[in-house]
Amino acid sequence: MAYSDKVVDHYNSPRNVGSFKKEEDNVGTGLVGAPECGDVMKLQIKVEDNRIVDAKFKTFGCGSAIASSSLATEWVKGKSIDEALTIKNTDIVEELSLPPVKIHCSVLAEDAIRSAIKDYKDRRTENTAE
Amino acid sequence: MKHDHLSSHSVCLGCNITMATPLFCFSCNSIQRLSTKPNYFEIFDLPYTYNLDIKRLEDNYQKLAAELHPDFYLQSASTEKRQSQESSSLLNRAYTALKCPMSRASYLLELLSHGKPLDERKLPAGFLEDIFELQETLEDLLVDVEDHAEELAAVKSDVEKRLNALQEAVSQLFGNIEKDPSNQKNIVESIQVNLNAERYLQRLLERISRSNQV
Amino acid sequence: MKETIIGIDLGTTNSLAAMVFEDGPEAIGRVGENPIIPSVLSKTKEGWIVGKGALPYRLSAPDQTVYSIKRLMGLDFEELEEDRKDLPFEIVKAQRQLVKVRLGGQEYTPQELSAEILKKVKQEAEDILGFSVQKAVITVPAYFDDAQRQATRDAGKIAGLEVVRIINEPTAAAIAYGLDEKKEGYIAVYDLGGGTFDVSILKISGKIFKVVATCGNTHLGGDDFDYALGSTLKAAVQQKYPQADLNDSISQQTFKQIAESLKIELSSSLEADYHIEIPEKSIFFQGKLTVAEFESLIRNILDETLVSCQKALDDSHVTTQDIEEIVLVGGSTRIPCVRKCVEQFFKRTPHVAIDPYKVVAIGAAIQGHLLAGGRRDFLLLDVIPLSLGIETLGGTFSKIIMQNTTIPTEASELFTTHVDQQTSIDINIYQGERELVKDCRKLGQFKLRGIPPMKAGLPLAEVTLHVDANGILTVSALEKRSEQKAEIEIIPFHGLTQYEIDQIVEDSFEHALDDFNERQLIEFRNTVESVFKGIEQFWATAETILTPSQQESIRKQMSVVEKFSKGNDAQALKAQMDILGDLTRPLADASIGNAVLSELQKPSPSSSS
């Protein structure tokens, strides 16, 4: 058995590649790395009224890492922040049929979502505190 | 930690002499039967230290390979033949593990942490941001390798500099353990952080060297 | 006398044996004759014709004649898809995807056909040396994987040779070169043979020859130059004769042979004329080819070799400046533009002092000498050319032993069960560098049996892969919780099973003749017969020049010889014949010119060594 069609599709034509200005108030940035293989992944969300209206990513890594982050950006779009936090790496594994040796790529994507939301929240509290 | 290896010298099964290495007795020229897997440092008669005498490692490897290699046991009894295969395999693995500074550090950490897993995710502050930036720079340069040969070489030497600094740091940290064994736990953790970072830098180097291939 | 282990270069186009004589290593050949045996064999009514004698059959009986069989070694049917079209002999699919060649209604494995070449090499060597040869070191391209090495070893077995060691061709060349020149430091061996390309970087320090990295392509070589040239010729002919069918074996052979000779001619002149005649099709064509045209035809192939050179350097962590010397190996390196290309890449003039045709066999012979206990002054440390690993769920390849690891080596991996009470685990072993198993070569399937029944995930089976000094893999397993040795059953994916090899050896028609003693007996018995005839014929002369007691000794010795010729000991028979020879010397002198009697006076080959 080879990689699933979905992985290949997300790898060949990844969705939402790019970046937002991270200084903008309504943008949250997550930057994570996979120690297993040295992959790095940046995932950004744009939030309006507590809802993720747009998402972008940039990943330097293998096909599974790119596919996982591409899928993650698609899924978070339109979700509220709380809903986005319920996305689990296992959902990504299932959707893309990732092999066990590539599970860490989905973990990376989940971490990236969490870290982007945390960054967004942190900066909001900073701003309101000022 | 660097002296206790002296007590672990094994005794030749044939002539009862204390041997410099558990693999071979240079006094009666006999290959040794191994009941347990010896420690890599013992094999080369070297102290358990990161700042290793590489010349001695190299010399002792060659000396042992020239005694243990299966090519010299083709005409021997089958138990010796098998032992030479086993000991040579072990020798080659031990040599590879100790020769490269980073794998040597990993092996030492494994010994020092007594099998307890260390945090493999922790990185130096700001490190991941740097890596991401380097990856982005590289991405732009790799669009046209020929045109950006100079810039690529500059990135490469930057990454290599970082790797060297990292190895220097690891070397110092190991030195600190030897000076002050009481603080071992904390130092072991910071060494691990450096080893974690090393993988990201290696990954960058691989990417550059792949692009250089004709 | 120490036992002799000869070295054999079993090449795609040519094969050669060498050994270490008292005054040094040398190819085994007859004085004044080229010792090279073309790796060509043809099946005739009388049996196999191997070597030089088989060359003309490539044109006269192309579908009975096999060459480049090395390209088929250890490969399976699907992997040959590309090559199959270029080969004029018929290739069929046998069980387990094995490849067989069909000749005269019978099917042969590449191992059997290679064995025929090895038999010829062995017989020639024995006839020249005058003693039986049982053991050999055989060389293979560095980039041969486990299956291809196994296949080579099996060919040796079928030919009645104990293959004590498989060594890499470039490494063999480095030994021959390094011991000759006593160099230290890094050397690069660029080996472009008929069908394979390898580059190896070696570090020589003291008595240790260590291969640091090796890289290559088992499907790239001088044959590809011929194919490239051949298809250009074919296209030119097709243009003039649009209706002609040029895909049959006669046409293909014609293009191949003209391509071969053009290649040689263009090595020494700037342009060459050629004539293509296929009278059966009324094709008469003439044309001209320049060196520049030839170079542009093979440029892609040469560039591909340079990619491997760069990779080998990268893997060794050295640059071209660190390389002290380039050693060229393989017939194709005699082409000037190949040399030029290597020279430009390494920025250094290649070393060509040792005959590139002989250097590999000589290196193998030196290694054989060491293995026989003849010397200890050097040690070869070789590497595994391709990573070894297992298939993990989802078809990914997980490497257990990395490429360019010094051999022998071993590494372990833990496995567990997925279902309660499971007592066996299937493991697939692959070799290659790619991420997915579908892009790597499957070496075999391993069934781990005898795992104690436990809950899923509890058993811990430690599977260890051992790679010996030949680069050949074996596997062992241990269940950690129960300390039970789990049994492992290997199902080779490409190669032959032990049973199949035994079967082939048993079936081999000429098996009895394999034995050197047996062959000599037949030869000596024939000599006895003709010598006896000769003696009877000249007996009248004998009565005039020999004393009665001399005559009686001859008669007596003749009956002794007769008795021994009915026995089974060739050497003993020869000894008795030598005595008869001495006794009949006056008779032979008196009847000068009698070929039969002078036969007896020849020194026997075995007594001279």
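Two strands pair if DSSP finds at least two bridges between them. Strands here are DSSP runs of E with at least two residues, helices are runs of H or I with at least four, and both are numbered from the N terminus.

This is a predicted model, in which local features need pLDDT of at least 70 and side-chain atom pairs count only at pLDDT 80 or more, while totals for chains, interfaces and linings use all residues. Residues are numbered from 1 along each chain as its sequence is written, chains are lettered from A and ligands numbered from 1 in the order in which they are written, and side-chain values use heavy atoms, with hydrogens and water left out.

I start with chain A. Three of its strands form an open antiparallel sheet, in the order β1-β2-β3. At the edges are β1 (27–34) and β3 (51–60) of chain A, each pairing on one side only. Nine bridges join β2 (residues 39–48) of chain A to β3(A), in the antiparallel sense. Within β3(A), Lys56(A) is the residue opposite Gln44(A).

Next, chain B. Its helices α2 (residues 54–68) and α3 (residues 78–99) pack with their axes 10 Å apart, at an angle of about 165°. Axes are lines fitted to C-alpha atoms, for helices over the stretch in contact, and angles run from 0 to 180 degrees between N-to-C directions. Because of that angle, α2(B) is roughly antiparallel to α3(B), a term for angles over 145 degrees. Contact means heavy atoms within 4.5 Å. On the α2(B) side the contact residues include Ile54(B), Tyr61(B) and Leu68(B), and on the α3(B) side they include Ser84(B), Leu91(B) and Lys99(B).

Now chain C. What lies between β16(C) and β17(C)? They form a hairpin with four residues between them, and Ser282(C) in the turn has a positive phi of about 55°. Strand β16 (residues 271–278) of chain C pairs with β17(C) over eight bridges, antiparallel. One bridge partner in β17(C) is Thr290(C), which goes with Glu271(C).

Last, some backbone details. Most residues other than glycine have a negative phi, and most peptide bonds are trans. Asn404(C) has a positive phi, near 65°, and sits in the loop between β21 and β22 of chain C. Is Asn404(C) buried or exposed? Asn404(C) is buried, at a relative accessible area of 16%; buried means under 20%, exposed over 50% and partly exposed in between, with a 1.4 Å probe and protein chains only. The loop between β21 (396–401) and β22 (409–415) of chain C also holds Pro408(C). The peptide bond from Ile407(C) to Pro408(C) is cis, with omega near 0°.

Definitions and conventions: Angles under 35 degrees count as roughly parallel, over 145 as roughly antiparallel, 65 to 115 as roughly perpendicular and the rest as oblique.
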